[in-house]
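Here's a quick briefing to read with the structure open beside it.

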Amino acid sequence: MAQYTKHPVAPPPTAPEREATGHLMLRAYVILVLFVTFAHSAVYNLLGIVGAGALLGLFTLATLAIGIPQLARNRPQAFRWRRLPWAALGYTTLALISVAWSQWRGPTVLTWVLLAAVTVNGLFIAHVLTWHEIVRALSSAFKWILGLSLALELWVSLVIHGPLLPNFVTLPDGEIDPQWYWVRDNLFDGGRIQGIVGNANLLAIISLFAIITFGVLFAARARWRTTLALWALLAAYFLFRTSSATALVCAAAAAVVLVVALLMRRASTPGARTRIYVVAIGTTVIGVVAVWLLREPLLAILGRSSDLTGRSDRIWSKVLERAGEHPLFGNGFSSPWIPTDPAFDGWITDHGITVFHAHNMWLDVLLQLGVLGVVLMALAYISLLWRSWFFAVDRPRWDLEAARPFSPLTLLPILFTVVLLVQGLSESTPIMLWGWMLLVLLSFKLKSVPLVGVGERDLLFERGARQRRVP
């Protein structure tokens, strides 16, 4: 029950400010966009390729319909063109231009539309929401994915009592390769679970992103902290049950970066920071060398072969061979590969299924857009890594005040970036769909609003007010 003083000097109580209905609907729309992007394979398994494509087009048109009027009303203060992630946009432009020399023009056009749609949505989210709202929207999207994954796994195990095929197709007679299943009914038998996304590795990475998001919100003392802790436990359970070696390595890398970032925050002098850098870099180099030398027994513990489950022999060697045919500008953009196109159909297969990416984002970029594409992608990720690191370890400062407290939310971009970079060594998802959206979203937001809790227009207003107060 709220209490307030009746002292005549005290102002009368006022109701807390409420968000406008339109902004609440905007946040709900962003959550839906994030859910559809991260759970894209669930949409495909539910609606098929035509339905998934139509839904993507619908969301892109809705984003443009919402974003263009806002941009027209608020320009030029609300949108600063110089702050756009130009390296990422340059890569997107090069992908479109590659139609001119592409060895597979159909897949280039089709997948570029997908890339452009994801890019537009990433820019839109970064522009219309604050840092707090972005983190909360990510949290809500991850909760929906985790909750629906648990519900689907329970339904398959308790009601269907058997595996589930995409689009709810009836199981045919005879043996079927488990790779075709949407859900394999492994919830109670100890096998790898896949959730609504239909892929154990993808569910594992989403669970790791969810743990990071819930963790920073918990540290920021968000509301319903007990509920956040329960969601984090569910995400940790999924991370364990998916048995993804890539996700576990990403989690270890994120944990190391988190420890170093927290130590940097406690360092009070430049000399202390230098010592932390030296120790961290030295320890990382020693750790990487040790892992490389002991890779075979370590991979055996994780249940993986020394060739990374066939990546180096069956996939990477063939990708490098084809990339060597057009090393400078590549063979043409296609992320993901289109398995039904003659250029990819049967080229590289796994369990009788045509592989749709190179399982290494750098080799994939080299194959598609050559050395020039690799340079642009490297610039995009190096820029994001640089900005997100200092966003995490430097105090928020826009004037002479140097004692403002750190925000836990500023740790999220660097941890997400490290996960994407480490995952990119064995997967290509960081350059497509939700991986690309995170790159565009975080890069644009870090450049345009380099402070948590202060919007760009608020920051410009505050700077102007402070300048006017200077005698």
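Which helix does Ser41 lie in? It's helix H2, which runs over residues 40-74. Keep in mind that this is a predicted model.

**Ser41 up close**
- Ser41 counts as buried, because its relative accessibility is 15% and the cut-off for buried is under 20%.
- Leaving out residues up to four places away in sequence, Ser41 touches Val197 and Leu202.

**The chain as a whole**
- The protein chain has 15 helices and two strands.
- It runs to 471 residues, and 48% of them count as buried.
- Take the contacts between residues at least 6 apart in sequence: 74% of these join residues at least 24 apart.

- Helix H7 covers residues 225-242, and its 18 residues should span 26 Å at 1.5 Å a residue; the end C-alpha atoms are 26 Å apart, so the two values agree.
- The buried residues in H7 are Leu228, Leu234, Ala235, Phe238, Leu239, Arg241 and Thr242.
- As background, an α-helix has 3.6 residues a turn, so residues three or four places apart point the same way.
- What do the buried residues of H7 pack against? Their partners are helix H5 (131-160), helix H6 (200-219) and helix H8 (245-266).

**H8 against H13**
- H8 packs on helix H13 (residues 411-423) at an angle of about 145°, and the two axes are 9 Å apart.
- This crossing of H8 and H13 is right-handed.
- On the H8 side, the contact is made by Thr246, Val249, Cys250, Ala253, Ala254, Val257, Leu258, Ala261, Leu262 and Arg265.
- H13 brings Leu411, Ile414, Leu415, Val418, Val419, Val422 and Gln423 to the contact.
- Sorted by class, the H8 contact with H13 has 14 nonpolar, two polar and one charged residues.

**H4 against H14**
- Helix H4 (residues 105-128) and helix H14 (residues 433-448) have axes 8 Å apart and pack at an angle of about 35°.
- Their crossing, H4 with H14, is right-handed.
- Among the H4 residues in this contact are Leu114, Leu115, Val118 and Thr119, while H14 supplies residues including Leu433, Trp436, Met437 and Phe444.
- The class count for H4 with H14 is 12 nonpolar, four polar and one charged residues.

**Backbone spots to check**
- Where is Leu433 placed? Leu433 sits in helix H14, and its phi is near 50°, a positive value in a residue other than glycine.
- Leu433 is buried, because its relative accessible area is 15% and buried means under 20%.
- His359 has a positive phi too, near 55°, and is likewise a residue other than glycine.
- You'll find His359 in the loop between strand S2 (353-354) and helix H12 (361-393).
- At 16% relative accessibility, His359 counts as buried.
- The peptide bond from Ser335 to Pro336 is cis, and its omega is near 0°.
- Pro336 belongs to the loop between helix H11 (311-323) and strand S1 (349-350).

Notes. Residues numbered from 1 in each chain as written. Predicted model: local features only at pLDDT ≥ 70, side-chain atom pairs only at ≥ 80, totals over all residues. Heavy atoms only, no water. Helix = DSSP H or I, 4+ residues; strand = E, 2+ residues; numbered from the N terminus. Buried < 20%, exposed > 50% of the residue type's maximum accessible area, 1.4 Å probe, protein only. Contact = heavy atoms within 4.5 Å. Axes fitted to C-alpha atoms, helices over the stretch in contact; angles between N-to-C directions. Left-handed = near helix turned anticlockwise from the far one by under 90°. Nonpolar A, V, L, I, M, F, W, Y, C, P; charged D, E, K, R; others polar. Expected span 1.5 Å × (residues − 1).
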